Amino acid sequence: MMGRVTNDDAKLPVTAPLTDLAADLGVATRFTAHNGEETTVSRETILKILAALDVDLGDDPADPSDEDIVAAREAWADARWRKLLPPVVVSTSGTYKEVLVHVPDGTDVSVTAILDDGAEWPLAQVEHNVGPREVDGVLLGEAAFAVPENLPLGWHTLRAVNGENTAECELAVTPGRLSTADTFVDEPATGVMAQLYSVRSERSWGIGDLTTLGDLASVSARETGADFVLINPLHAAEPCPPVEDSPYLPTTRRYANPLYIRVEMIPEFAYLDDADAAELRELAAGFRELNRSADEIDRNPIYAAKLRALHAIHHIPLSEVRRADYERFLNEQGRGILDYARWCASRDIEMRTAARDHGEFPGLVTPLGAHEDVEELREELVDFHCWLQWILDEQLRDAQRAATDAGMRIGIMADLAVGVHPGGSDARNLAEWMAPDASVGAPPDGFNQRGQDWSQPPWNPHKLAEASYMPWRDMLRTVLRHSGGIRVDHILGLFRLWLMPRMESPANGTYVHFDHEAMVGILALEAELAGAVVIGEDLGTFEPWVQEYLAQRGIMGTSILWFESDGPGVPKNPSNYRRLCLSSVTTHDLPPTAGYLDGAHIKLRDRLGLFNTDVSEEEARDLEWVAENLAAVDAAGCFEGLEDAEGEPISGRDWRNLSRDGLPDAGPLIVGLHRYLARTPSALTCMALVDMVGDRRTQNQPGTTHDQYPNWCVPLTDGEGRALLVSDLPQLPLFGAVAEASARN
C-alpha cells in the first residue's frame, strides 16, 4: 500500500522535460522510503545530481530553462547514435541479447563476434523497427543483431563493418548463474568473521597482519571445522601516516594496505646487515608489547615503524628468481599499479616536504632533505610502492594457502568496500569514470534517522560503461587473486546508489541507477573464472526483486539474525531463512552479541545524539525484540542443557518479561543463538570471532567519526576486557562451545 506523496520543494515542481531527462540518465525523481512513504525528489537535487554526472544543462545549470533541458536530452541521445557500436556489450549465457548498431540510413552492416581464441561467429540481424534520426546533418538508422546464446564465458570482441567504416567493442559473456555456490547449497559450511587489524599474535607489531591471518585460518579450520575466514577490507589507506582508520574508506580498492605486511616474513629480511637487523628487531619488540594491550590501536606509529623497516629491506637486491617474479607481477598488473604507485610517491613527497618545512607529523614521516634530488626520490618511491604490493600479493597467497592446506574449502573471503576516499588514489586515477561532485551514502532510515554520508565519490555509471567496465573488472581480478570468496559491501549499489550533492545533507539525495545486468554479470564472470563464491551484503532499503535477481545469478545474500523476521514482531523461523545466503547472528556494524544483549548500541547512539526519537521508546522496542528472539530460540529447544553463572538452566524462562539486568550471562545465550542459526538451510553460516570470545565493545558505529567513537581501532578482547591473541583461542571454553553449536550437519 502506498503512503502519501510528499514534495521536498512545492515551489519547484518536478515535471517534464526534467523527469524525462532524469529517466534517461537513471536519476530517480521519486522513491519509496524505508517507512513505505513515496517521496518526490526536489528539483534542486535532481539538477545537482545530473550536473555531477556531467550533463550539460546550459548557462545556468542551477535553474535551466525547459529548452536547455530538452537540448541536454537531445545531446544525450545523439551521443549514442553517433557510435557504430556501443562501448561494450555484456551478455548472459543462455539469454537472448541484442546489439544495436548505428549506420547511415539505408546502408549495409555486418557484425561478427571474435572469440578470445580467434574463432569467429557472425551475428544474425533481427527485426528492429525504429525510425531514423538526424545527427550532425546525417540521417542515421538503427539495426539490431542477436548475440549467440551459446558463446563461451569470457571477454571477446565484436566487430562491425559498414562499408569502409569498422568499429570494435568488447563483448563479455557472463554466466547465467555463478556455479561456485552450488557446492555449499548441497553441503553447507560455516566460517569465522573477524576484523584482521584487531586479531594479533605474539609476533604482530601491535596490529593484525597477513601472517596472523594465516594463523587464524589454520586455528579456525582445526578447532572449529570452519571452511572460510571472512575479514574486513584490506584495501590500501594513505601511503604514509596519518592514515584513515576505516577499512571502508580506502584510498584504493584495488590494492592492499602495507600495514598488514609481516616484515620478518619477507625473504630479503634475512640479508639485512647485522646492525640494521638488530635495529629492526628492537623496533619490532617495542610494538609487540602492544599485542597484550586492550587499548585502542593507533595505526600511525605502527605504520611509520613498518615503513622504516620496509624501506631498509627494499634496498636489499633481489635474487634473479625473485626479480623475475617481481617483474612478472608488474606486467600482470599493468598501468594500474604504476598509476597507484605514482600517486603514492607524490603523496609521500608532499608529506616529506611538509615535515621539512613545517615540522608536521614529526617522527612519523621522514623529512625531505634540503639537498635531496626529488625526481630521483620519486623514482625510488614509485618502485617502493610497487614492491610493497608485490610483497602483499605474496603474503596474501601464503595466507590463502595456509587456509586451504588446513582443510578450508573456501579459505580467505575478501571484503570489497562500496567506495573510496575522495582524496585518494582511485579518486584521482579513476576520476574520468567517477562523479566527484556527488557523495555516496544512505537515506534516512530506522537505523540512522539522519541518513548517512559516506564521503565517497561514486562511479559515473555512464562513463564506466564507456570504459568497457575496465576499472570494475581490474579491481575484481586483483581482489580475487588469492581469495576463495568475496563479500561485496552494499551490493545494492550495483543496482542503485543513494547520491547526494557533495557536502550536503543525506536527506537531499536521490537514487542513481546502474546497469545491474552488466555490473552483476561482470562480478559473476570474474568470480567464476577465479572459482570464488560471492556474498552480497543486501541489507537496507531495496526493492524485493533485487534479492530474487541476485539469487538467480548465483550470488548469495546476507541475513543477520537480529534483522530477520516472519512478520512484525515475529522472529524468523530457522527453516524460513534463505538457502542461497550467508547467515550470521551479528555484523560489524552492531556491537558483539554480548554487547547487543546489554543494549550497548542504544546507549552509544543515545550518548552520541544519533536519535531523533525518545531514547526510552527506542530502548523498549529494542528490548522487546531481543526478548522475542530469545523466546523463539528457547521454543526451538536451542537453550537445552545450557546453564547460567549460578548453574541454573536457562531454558523455559519467561523471556518477554525480563529486563536487561535480568538476562542471564551472555555466554550461554550466544551458544543458543548459534545453535538456532545452524538449523537454517543457509549455504553458509558465520561465527563472529568477537562472539566466540565474549567481546563486548563495538567495532564500528555507522555515521560517526573518530572524534565521536574509536571506530575500527578496537582490539580483540574477552568478556572481561583482556586482550587476546590467536594462540589463546583454543583454550577459551566459549570459543569451542560456539564452534560446536555452529557445526553443520
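Strand S15 (residues 411-416) is mostly covered, with 6 of its 6 residues buried; buried denotes under 20% relative accessible area, exposed over 50%, and partly exposed the range in between (1.4 Å probe, protein chains only). Helices (H or I, at least four residues) and strands (E, at least two) are DSSP runs, numbered from the N terminus. The model is predicted: local features need pLDDT of at least 70, side-chain atom pairs count only at pLDDT 80 or more, and totals for chains, interfaces and linings use all residues. Residues are numbered from 1 along each chain as its sequence is written, and side-chain values use heavy atoms, with hydrogens and water left out.

S15 pairs with strand S14 (residues 228-231) through 3 bridges, and the two run parallel. Two strands are taken to pair if DSSP finds at least two bridges between them. Within this pairing, Val229 stands opposite Ile412 of S15. S15 also pairs in the parallel sense with strand S18 (residues 485-488), over 4 bridges, and here Leu416 stands opposite Val488.

Met413 has contacts (heavy atoms within 4.5 Å) with Phe228, Val229, Leu230, Ile231, Gly485, Ile486, Arg487, Val533, Ile535, Leu582 and Leu684, leaving aside its neighbours within four places in sequence. Met413 is also one of the residues that touch the most other members of the largest nonpolar core, a set of 136 residues; the others are Trp387, Trp562, Leu630, Leu684 and Leu689. A nonpolar core is a set of buried Ala, Val, Leu, Ile, Met, Phe, Trp, Tyr and Cys residues joined through side-chain atoms within 4.5 Å. Helix H10 (residues 374-405) contributes the largest share of this core, 13 residues. A second, separate core comprises 72 residues, among them Ile49, Leu57, Leu492 and Ala532.

An open sheet is formed by 4 strands in the order S17-S16-S19-S20, with antiparallel pairing. Strands S17 (452-456) and S20 (510-513) are the edge strands, each pairing on one side only. From one strand to the next the twist averages 50°. Strand S16 (residues 438-442) and S17 are joined in the antiparallel sense by 3 bridges, and Ala442 has Gln452 in S17 as its bridge partner.

Helix H2 (residues 43-52) lies across S16, strand S19 (496-501) and S20, running at about 105° to S19. For such angles, axes are lines fitted to C-alpha atoms, for helices over the stretch in contact, and angles run from 0 to 180 degrees between N-to-C directions. Thr45 lies in H2 and is buried, with a relative accessible area of 5%. Not counting residues up to four places away in sequence, Thr45 touches Asn508, Gly509 and Thr510.

In helix H15 (residues 544-552), Val546, Tyr549 and Leu550 are buried. These residues cover an arc of only 95° around the axis, which puts them on the same side of H15; the arc is that of the directions from the helix axis to the C-beta atoms. The buried residues of H15 pack against helix H14 (516-530). Pro544, Glu548 and Gln552, on the other side of H15, are exposed. Gly554 follows H15 and has a positive phi, near 80°.

The structure holds 51 salt bridges, each defined as a side-chain nitrogen of Lys or Arg within 4 Å of a carboxyl oxygen of Asp or Glu. One of them joins the side chains of Glu38 and Arg30 (2.5 Å, N to O). Glu38 is buried at 14% relative accessibility, whereas Arg30 is partly exposed, with a relative accessible area of 41%.

Another salt bridge joins Asp136 and Arg82 (2.7 Å, N to O). Asp136 lies in the loop between strand S9 (133-135) and strand S10 (138-147), and Arg82 in the loop between helix H3 (66-81) and strand S4 (88-92), so the pair ties together parts that are 54 residues apart in sequence. Asp136 is exposed, with a relative accessible area of 60%, and Arg82 is partly exposed at 47%.

The side chains of Arg722 and Asp718 also form a salt bridge (3.0 Å, N to O), in which Asp718 is buried, with a relative accessible area of 10%.
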